[in-house]
Amino acid sequence: MHKTYVCTVCPMSCNVVLELDENNEITSLTGNRCPRGKTYVTKEHTAPERTLTTTIRAIGGKLPLLPVRTDKPIPKEMVLEGMKATAELSVKAPVKMGDVIVENFLGTGANLVASRDI
Ligand code: SF4
């Protein structure tokens, strides 16, 4: 079985093809033009991560919503849970860009931080 990923590390956007065994383990990796593609695709296949970006309610500010993001990627399978959790959050203005809204968000080790002043 094989699976193709597009490497997004640089604008070359290489198509990287993985050959997989019956346990979904990688047996070969081709199509990457540089070693960074191997690192990226191996991680994407085994433990994909995403930076969560969304908004939360803001109270007393000029805008009703505050854009927030995790300060590092979190496991991809936790993004939906993260979106649900942030839907319950609100924050009181003023807030500065980079302020930590939630430490160790959902136990991921990433902080949820403000993406702008409000
Ligand atoms: S494999 Fe290397 S050259 Fe290709 S997109 Fe990824 S980083 Fe860029």
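Modeller: Two strands pair if DSSP finds at least two bridges between them. Helices (H or I, at least four residues) and strands (E, at least two) are DSSP runs, numbered from the N terminus. Residues are numbered from 1 along each chain as its sequence is written. The model is predicted: local features need pLDDT of at least 70, side-chain atom pairs count only at pLDDT 80 or more, and totals for chains, interfaces and linings use all residues.

Biologist: What makes β5 and β6 a pair?

Modeller: Strand β5 (residues 53-59) and strand β6 (residues 65-70) share five bridges in the antiparallel sense, and the definition asks for at least two. Thr-54 stands opposite Val-68 in β6.

Biologist: Why is one side of β8 and of β9 without a neighbour in the sheet?

Modeller: The open sheet has five strands in the order β8-β5-β6-β10-β9, with mixed pairing. β8 (90-92) and β9 (100-102) stand at the edges with a single partner strand each, so one side of each is left without a neighbour.

Biologist: What share of the chain counts as buried?

Modeller: Of the 118 residues, 19% count as buried, that is, 20 or more other C-beta atoms, placed from the backbone, lie within 10 Å of the residue's own.

Note on methods:
Buried ≥ 20, exposed ≤ 12 C-beta atoms within 10 Å, placed from the backbone.
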